[in-house]
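User: I would like to learn how to read a protein model, one feature at a time. Could we go through it together, starting with how helices pass each other?

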Amino acid sequence: MLELLNNLVFGLGVAITPMNLMLCLIGALVGTLIGVLPGIGPVATIAMLLPITYGLPPVGALIMLAGIYYGAMYGGSTTAILVNIPGESASVVTTLDGFAMAQQGRAGPALAIAAIGSFFAGCVATVVIAAAAAPLTSIALLFGPAEYFSLMVLGLIFAVVLAKGSVLKAISMILFGLVLSMIGSDLETGAGRMNFNIPELADGIGFVVIAMGVFGFAEVLRNLEQSHNRDIVNAKITGLMPTRADLIQAAPAIGRGTVLGSVLGILPGGGSIIAAFAAYTLEKKLAKDPSRFGRGAIEGVAAPETANNAASQTSFIPLLTLGIPPNAVMALMVGAMTIHGIVPGPQVMTKQPDLFWGMIASMWIGNLMLVIINLPLVGVWVRLLRVPYRHLYPMILIFCCIGVYSVNNAPADVYMTAAFALVGYWLVKHDFEPAPMLLGFVLGPLMEENLRRAMLIGRGDATVFLTRPISGTLLTIAAILLLLSVLPTLRKKRDEVFVE
């Protein structure tokens, strides 16, 4: 316990430097902004901002990107409550009761409860990350190549189970990502591989190119064809402070949402989305009068907002301790770490404690900043919501193109990004979820490297993955999960969770 406190104090010392505080504030502001504006999302924004992190110190860059992620979770609730449009996918459930409260003239208490619940969940989740980090890192240090390969296989299977839509489509997306990761040069021999003798593909496809094309450009194309009827609450928002009765009603939901979100956030796939749905469903089942839900029940705002914020922060646990990204945003964080020459995994805690603990401690500061940013600036966010999307997208596209070009100063990267934008748009139109593809692309090189190392250690004997206890257990769990995911009962329940 004393060691944990010392580490957190050390992390606070790193996080409160002027540069890191400024970057944390920028991340929180940008995150809130893209959470408020429907149709952009944290994945697209972080993909756009990755090139900017080249010129920043590693700790500051990751603090800023983390702030964007959990800031978007805060901002998404503002749109959901005031406009009935989720600013971020995890805020879908908040629209059910949040907008109903706003129509009853209780937008202020709804926004305040969302902010209070999110702040509480963020603080608790930060402690969970700090407490879980050391034990998990110790376990991870016992892992060899076979165990790491099996763990990554399990992570990808989790992504399949928790992805919305068809299991077959999710598997095909992961395989597509793995194939894309193999383009370029062989890891061992350096020989060209699947590059069709195209010089621009000799070093493989850049992470920023795929991320920005599939999530940035494609998101713009998708939003241009949608005409949101933004039914904005025009009444002046007053009485931001919830009443004592509101707090008494919301407190148990906040507590349960924090626990549920903290656990589900660690799972690969859509942790924060599933956490929000699960928390809402739990509150509805525990309520004495379930008919209140959907008509302005304050627990219907508190539970999902608390859960999705807790989940967004505990999703850093597998990334920081095991080097395994549990979702698309964490895959982008892996890309950011790679840009700065940092190898994600258990070594980060021992070799770069300033990065590890500084990032964790910054989450406390960021959560405090978000409460201060969100409530007093509600009027500003409402005015921003009135800006038509057609006025925003040219600026987004220009910013994306400059960012992609600046990575390698290569026009070919911009063309490839445009090509992946069409691919991403086609995938979304045909109900293929792109997030598993990005996970497959990020984990592909790591899986290949560990597969080869394990086979060398086992002298070419593939049973090494089954005879080693930890590796065998992980692969068995992965096989069971994959079999369960195709069972009709589980598939039905899984589909029900994602019905929006």
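Analyst: This is a predicted model. Helix H9 passes helix H14 in a left-handed crossing. H9 covers residues 207–224 and H14 covers residues 328–339, and their axes are 10 Å apart.

User: At what angle do H9 and H14 pack?

Analyst: The angle is about 150 degrees. Angles over 145 degrees count as roughly antiparallel, and therefore H9 is roughly antiparallel to H14.

User: Which residues of H9 and H14 meet?

Analyst: On the H9 side they are Phe-207, Ala-211 and Phe-215. On the H14 side they are Ala-328, Ala-331, Leu-332 and Gly-335. Of the residues in the contact of H9 with H14, 6 are nonpolar, 1 is polar and none is charged.

User: Why do residues three or four places apart in a helix point the same way?

Analyst: An α-helix has 3.6 residues a turn, so residues with that spacing point the same way. In the case of H9, the contact with H14 involves Phe-207, Ala-211 and Phe-215.

User: Let us take another pair. How do the axes of H4 and H6 cross?

Analyst: Helix H4 (residues 58–83) and helix H6 (residues 107–140) cross at roughly 160 degrees, and their axes come within 10 Å. H4 and H6 are therefore roughly antiparallel to each other. The crossing of H4 past H6 is right-handed. H4 contributes Tyr-74, Ser-77, Thr-78, Ile-81 and Leu-82 to the contact, while H6 contributes Ala-107, Ala-110, Leu-111, Ala-114, Ala-115, Ser-118 and Phe-119. The residues of this contact divide into 9 nonpolar, 3 polar and no charged.

User: How do I read a single residue? Is Gln-313 buried or exposed?

Analyst: Start with the element, then the accessibility, then the contacts. Gln-313 sits in helix H12, which spans residues 299–314. Gln-313 counts as buried because its relative accessibility is 0%. The side chain of Gln-313 makes a polar contact of 3.2 Å with that of Thr-126. Leaving out residues up to four places away in sequence, Gln-313 touches Tyr-70, Gly-122, Ala-125, Thr-126, Ile-129, Met-363 and Asn-367.

User: Where is Asp-186 placed?

Analyst: Asp-186 is in the loop between strand E1 (184–185) and strand E2 (192–193). With 15% relative accessibility, Asp-186 counts as buried. The side chains of Asp-186 and Arg-452 are joined by a polar contact of 2.8 Å. Residues up to four places away in sequence aside, Asp-186 touches Ala-191, Arg-193 and Arg-452.

User: How many residues apart in sequence are Leu-451 and Phe-149?

Analyst: They are 302 residues apart in sequence, and 6.1 Å apart in space, C-alpha to C-alpha. Leu-451 lies in helix H20 (residues 434–457). At 32% relative accessibility, Leu-451 counts as partly exposed. Not counting residues up to four places away in sequence, Leu-451 touches Phe-149 and Phe-465.

User: How many residues separate Leu-260 from Ala-278 in sequence?

Analyst: The separation is 18 residues in sequence, and the distance in space is 7.9 Å, C-alpha to C-alpha. Leu-260 belongs to helix H10, residues 244–264. Leu-260 counts as partly exposed, at 24% relative accessibility. Apart from residues up to four places away in sequence, Leu-260 touches Ala-275, Ala-278, Ala-279 and Leu-282.

User: Finally, the whole chain. How many helices and strands does the protein chain have?

Analyst: The secondary structure of the protein chain comes to 23 helices and 2 strands. Buried residues make up 57% of its 500 residues. Among contacts in the protein chain with a separation of 6 or more, 80% are between residues 24 or more positions apart.

Definitions and conventions. Residues numbered from 1 in each chain as written. Predicted model: local features only at pLDDT ≥ 70, side-chain atom pairs only at ≥ 80, totals over all residues. Heavy atoms only, no water. Helix = DSSP H or I, 4+ residues; strand = E, 2+ residues; numbered from the N terminus. Buried < 20%, exposed > 50% of the residue type's maximum accessible area, 1.4 Å probe, protein only. Polar contact = N/O pair within 3.5 Å; in protein donor to acceptor, adjacent residues only side chain to side chain. Contact = heavy atoms within 4.5 Å. Axes fitted to C-alpha atoms, helices over the stretch in contact; angles between N-to-C directions. Parallel < 35°, antiparallel > 145°, perpendicular 65-115°, else oblique. Left-handed = near helix turned anticlockwise from the far one by under 90°. Nonpolar A, V, L, I, M, F, W, Y, C, P; charged D, E, K, R; others polar.
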